[in-house]
Amino acid sequence: MRKIAAIILALVMVCGLTACGKGDTQSAKSEPRDQSEMSSEENGTASFKYHQMLESDNSKYYYEANVVEEFVEDEVTEEGLKGEARDGKGNYVLLTGEEKLDIRDIETKNAFYSVYDSDKEYSRDENDASDEGEEDTLKLIYAKSDQMEMDGKTYDYDEYQGKYEFEGYTEDEQVVVEDYVLIRRYVINEKGELHAIIELQEKIGENGKKNTPIYRKTEKITKFQEGQFPKNVFKIPKDYEETAAFPEEEALLEE
């Protein structure tokens, strides 16, 4: 579980701010191509506008979703809620929670804020502009279009992929670099609206072997607003108390 969590965290950092039901099945109309054969000019026919919108720092949107995460190796499943918004000015907010969206992680050009609405608290950490551009952003490239079954219905989806490396350790503490692939599927309903976003992470098999699934996340969209967002998701009320961003480290320094 720790290794999978570390891989997911590393991927989130590389991406830079970003489980179907048991009865879900997928068809195999077309095979995904090797990323070296893909072109950034090729775009999915059904969902490119959503891919472009959610990947752009200057987009303006808001959505909410019911989320199911599966940590495949450990056979652990977690459920929760998610919200996400961009304000068209480069600011981003991720909202999470179990029963309500009461945690907000806000990124601006100058700082990161973690806001705990249930406790009326927040912390602030500087966003060091000097670090920008040091890490390459993982670029997802169109791989294929297909159909899948979800909730008893058939939906079209477009799939985008990106490869990345993760440095780990063997049992005898030897450093090993492993190759992984992030797969993102935008699932579209009959009206052309975004129904779900599915993310899969797989360890790439060596010598032609099959990939090993390690993580799967399904976000089933419950609300999507294009070109607008609730302004309060970026605001911190005046009566909220500021706390230390890293309380454990601060306590250690005081000793």
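Q: What makes Lys-231 count as lying over the face of Phe-229?
A: In this predicted model, Lys-231 lies over the face of Phe-229, at 5.6 Å from the ring centre.

Q: Why is the pair of Tyr-61 and Phe-224 called stacked?
A: The structure holds ten aromatic pairs. In the pair of Tyr-61 and Phe-224, the ring centres are 6.4 Å apart and the planes stand at 10 degrees. Rings pair if their centres lie within 6.5 Å, and planes under 30 degrees apart count as stacked; therefore this pair is stacked.

Q: Which parts of the chain does the pair of Tyr-61 and Phe-224 link?
A: This pair links distant parts of the chain, for Tyr-61 is in strand 1 (residues 60-71) and Phe-224 is in strand 11 (residues 212-226), 163 residues apart. Tyr-61 and Phe-224 also belong to one aromatic cluster with Tyr-50 and Tyr-63.

Q: What makes the pair of Phe-71 and Tyr-215 tilted?
A: The two rings are 5.4 Å centre to centre, with 55 degrees between the planes. An angle under 30 degrees would be stacked and one over 60 edge-to-face, so 55 degrees makes the pair tilted. Phe-71 lies in strand 1 and Tyr-215 in strand 11, 144 residues apart. Both residues are buried.

Q: Why is the contact of Arg-124 with Glu-126 called a salt bridge?
A: The closest N and O atoms of Arg-124 and Glu-126 are 2.4 Å apart. The cut-off is within 4 Å, so the pair qualifies as a salt bridge. A search of the whole structure finds 14 salt bridges.

Q: What accessibility class does each of Arg-124 and Glu-126 have?
A: Arg-124 is at 31%, between 20% and 50%, and therefore counts as partly exposed. Glu-126 is at 52%, over 50%, so Glu-126 is exposed.

Q: How do you know that Lys-144 and Asp-146 form a salt bridge?
A: Their closest N and O atoms are 3.9 Å apart, and this value is within 4 Å, so the pair is a salt bridge. Lys-144 and Asp-146 are both buried.

Q: What makes Arg-185 and Glu-159 a salt bridge, and where do they lie?
A: Their closest N and O atoms are 2.6 Å apart, which is within 4 Å, so the pair meets the cut-off. The pair links distant parts of the chain: Arg-185 is in strand 9 (residues 175-188) and Glu-159 in strand 8 (residues 153-169), 26 residues apart. Both are buried.

Q: Why does Glu-75 count as exposed, whereas Asp-151 is partly exposed?
A: Glu-75 has 74% relative accessibility, over 50%, so Glu-75 counts as exposed. Asp-151 has 47%, between 20% and 50%, and therefore is partly exposed. Glu-75 is placed in the loop between strand 1 and strand 2 (76-87), and Asp-151 in the loop between strand 7 (141-150) and strand 8.

Definitions and conventions. Residues numbered from 1 in each chain as written. Predicted model: local features only at pLDDT ≥ 70, side-chain atom pairs only at ≥ 80, totals over all residues. Heavy atoms only, no water. Phe/Tyr/Trp six-rings, centres within 6.5 Å; stacked < 30°, edge-to-face > 60°. Helix = DSSP H or I, 4+ residues; strand = E, 2+ residues; numbered from the N terminus. Buried < 20%, exposed > 50% of the residue type's maximum accessible area, 1.4 Å probe, protein only. Lys NZ or Arg CZ within 6 Å of the ring centre and 35° of its normal. Salt bridge = Lys/Arg side-chain N within 4 Å of Asp/Glu carboxyl O.
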